[in-house]
Amino acid sequence: MKTRQLLFTALAAGLIGASFGAAAYDADWKRGRIYYRSVCTACHAAQTGGSIAPSTMTMAQWESYLKADKHAAGKDSLKKYIGKDYRASIRAQNKAADKFADVPDAELLEDVKAFVIKGAKDGDAPASCS
Amino acid sequence: MKTNRSGPHASFRRAALLAVMLFGSALHGGEVLAVSKASTADHSKFKELQQSFASGPEVTRTCLICHTEAAKQVHATKHWSWEFLNPATDQKLGKKNVINNFCISIPSNYPFCTSCHVGYGWKDANFDFTAEQNVDCLVCHDTTGSYRKLPGLAGHPPYQDTEIPPGSGKFAKAVDLTKVAQKVGRSSRDTCGACHFFGGGGDGVKHGDMDSSLAAPDKELDVHMDATGLDFTCGTCHRTSSHDVPGSRYTPVARDTQGAHIPGRADDSLPATCPACHGQAPHKGGGHAAKLNDHTDVLACQTCHIPRIARGGVATKTSWDWSTAGQMGPDGKPMLKKDEAGRVIYDSKKGDFVLGENLVPEYRWFNGEVTYTLLGDKLDKDAGVTRINRLGGSADDGKSLIWPMKVFVGVQPYDPVNHTLVTPHTAGNDDTAYWKNFGWEKAIKTGMQVSGAPFSGEVDFIRTEMSWPITHMVAPKENAVGCAECHMKGGRLEKVGGVYIPGRDANPLVDLAGWLMAGGALLGALAHGGLRILRRKS
């Protein structure tokens with residue numbers, strides 16, 4: 001009984017600690033900007049020739065899009081392209097992926113999110129692709 | 001119970017709890033720790049900043065509780081006074097006094113121009129330059145990217161959602177001053193760029209080597225500011241001391257003859273020059289590198305290392321013709337015309353523009369001396385183009401180097417009776433503002449009254465030119481200007497006099513002497529070889 005109690009307490013405490021850490025993470029929109037431009041935009045421009053400027057969607061649309069976690073019309077996960085594995089796969093050709101190779105996935109995702117929300121059509125500083 | 005809590009199990013439990021909590025925090029806390037290395041203060045923890053602010057000056061008063069000397073330091077800078085007395089010419093310069101051929105001048109347009117002043121409330125000539133709370137700390141120290149100052153608000157950010165331009169249906173959101181104040185940090189390319197990228201009325205308009213593409217550039221655009229490489233901020237080169245930013249447009253260092261500036265030297269100056277870091281022999285090695293180093297007594301580093309300007313996808317203006325302003329569209333309202341790239345090339349408020357990207361600069365000798373044509377200086381329209389700023393320099397003054405320039409040409413209003421430039425009242429919603437009523441006479445009369453200068457009532461237009469030394473957008477060395485681009489006829493330096501450039505220049509006497517020496521050397525070698533052969537047989 002005591003052992004179970006200890007485990008429960010430890011688990012709860014760990015979760016609290018984790019949530020404190022998560023709350024403390026302050027998204028870096030500038031890092032998000034570099035990754036978005038150097039990886040997301042660069043690939044889209046090369047592969048599809050299309051613009052994916054943050055200002056093409058509103059903040060609510062970006063929130064919804066990121067939450068849905070669907071990329072290429074639902075063919076795969078958006079998070080995949082932020083993840084360490086993907087960064088490792090392109091780091092030889094992509095300086096941003098190389099520079100941020102060790103950034104935790106969740107943080108980089110928050111960074112990118114902060115940038116697109118800030119640069120959204122109705123964001124603080126709508127960002128085009130110029 | 002008390003016994004249990006203090007027993008060995010309790011100790012184990014506390015240790016386990018602490019370990020797991022630390023582990024949990026560590027899962028997410030890595031970046032926070034990394035950030036804390038860069039800053040010694042988390043401003044969100046300061047009680048003074050945990051309040052709502054109604055205005056910028058309220059924020060500044062709070063900043064000054066701790067940063068007691070900051071406002072006094074800012075007051076002593078050109079960023080604050082917009083005034084500069086050139087000791088070499090005794091000309092009173094600074095944004096407050098000069099006239100250019102972009103938006104022309106500041107007097108009578110204060111509330112709009114001062115959206116780029118590091119202060120709050122400069123709406124007319126009565127601005128209190130001694131008030132410490134008028135210093136805008138946030139415009140340089142914002143890290144959120146959400147702080148912005150709107151034209152027409154005299155340096156204030158929007159405190160409510162504000163329609164801009166009025167009647168457009170587009171709204172700028174009110175700035176969350178508390179959020180910005182709690183997130184202050186070092187200045188950045190974004191904060192400096194908020195004004196300097198947009199000089200002349202828009203992105204990239206004025207400088208040619210500074211625009212919003214430098215906010216997060218790649219290596220090809222700028223080797224130093226490369227966001228995935230060296231990631232220099234503006235302050236890395238413009239090493240600021242007591243809020244005073246080195247690197248003047250009015251008295252630039254055209255030729256830095258000092259070596260690299262090493263901390264601890266007796267000379268503690270901080271010039272924003274290339275040799276300040278790279279020294280006088282920047283190319284390492286012998287052979288070709290040594291030959292390149294031989295050029296540094298003639299060429300500015302920028303001449304070779306900035307092959308083109310406006311390379312980041314943002315066009316710069318190269319010409320502005322105010323004389324065609326005022327034409328209305330078919331509906332009788334002000335109109336815009338755009339080119340095939342979507343760039344505005346005509347605006348009823350401003351006239352015709354020419355824009356360009358990837359432009360080859362012009363090249364001139366420059367020794368750092370700049371003389372301006374100021375309000376009141378007499379002009380002669382028949383004498384050719386009026387130079388708004390005249391750059392000193394020649395091949396033989398011992399102080400000059402060949403520099404790349406953006407040369408901006410304009411056609412702007414002037415007074416044909418008094419033969420002077422004029423300071424029109426352009427921005428505003430009153431009846432005399434040109435952008436409201438499109439009448440030059442009324443606009444110039446108002447502007448000249450504010451400037452305290454005479455105006456005859458007659459308006460003509462005069463051709464002007466302004467030179468902007470180029471120093472940003474440094475390309476990778478692989479993309480530097482090649483030898484053959486100058487050492488040729490019709491090359492980049494075709495119009496630069498006072499220097500003999502092999503490949504471009506030919507002097508019959510020098511050529512004759514060269515051929516005679518080469519022929520003599522050949523004859524000598526043949527004679528010497530022949531004699532050796534003959535002597536071997538004997």
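The following conversation concerns a predicted model of a complex.

User: What ipTM and pTM does the predictor give the complex?
Analyst: The complex receives an ipTM of 0.78 and a pTM of 0.85 from the predictor.

User: How many helices and strands are in chain A?
Analyst: Chain A has 6 helices and 0 strands. Along the sequence, its pattern reads α-α-α-α-α-α.

User: And what share of chain A is buried?
Analyst: Of the 130 residues in chain A, 38% are buried. The chain exposes about 7,300 Å², and carbon and sulfur atoms supply 59% of that area.

User: Moving to chain B, where is B:L299?
Analyst: B:L299 lies in the loop between α12 (288-294) and α13 (301-305) of chain B.

User: Is B:L299 buried or exposed, and why?
Analyst: B:L299 is buried, because its relative accessibility is 11% and the cut-off for buried is under 20%.

User: Which residues does it touch, leaving out those up to four places away in sequence?
Analyst: B:L299 touches B:C304, B:L401, B:I402 and B:L493. As for B:L401, its C-alpha is 5.1 Å from that of B:L299, while the two residues are 102 apart in sequence.

User: What is the mean pLDDT of chain B?
Analyst: The mean pLDDT of chain B is 91, and 93% of its residues reach 70 or more.

User: Where does pLDDT stay under 50 in chain B?
Analyst: One such stretch is residues 1-8, for which the model has 3 contacts beyond four places in sequence. Another is residues 15-37, with 24 contacts beyond four places in sequence.

Terms used:
Residues are numbered from 1 along each chain as its sequence is written. Chains are lettered from A and ligands numbered from 1 in the order in which they are written. This is a predicted model: local features need pLDDT of at least 70, side-chain atom pairs count only at pLDDT 80 or more; totals for chains, interfaces and linings use all residues. Side-chain values use heavy atoms; hydrogens and water are left out. Helices (H or I, at least four residues) and strands (E, at least two) are DSSP runs, numbered from the N terminus. Buried means under 20% relative accessible area, exposed over 50%, partly exposed in between (1.4 Å probe, protein chains only). Contact means heavy atoms within 4.5 Å. Accessible areas come from the Shrake-Rupley method with a 1.4 Å probe; for residues, only the protein chains shown count as cover. pLDDT is the predictor's confidence in each residue, from 0 to 100.
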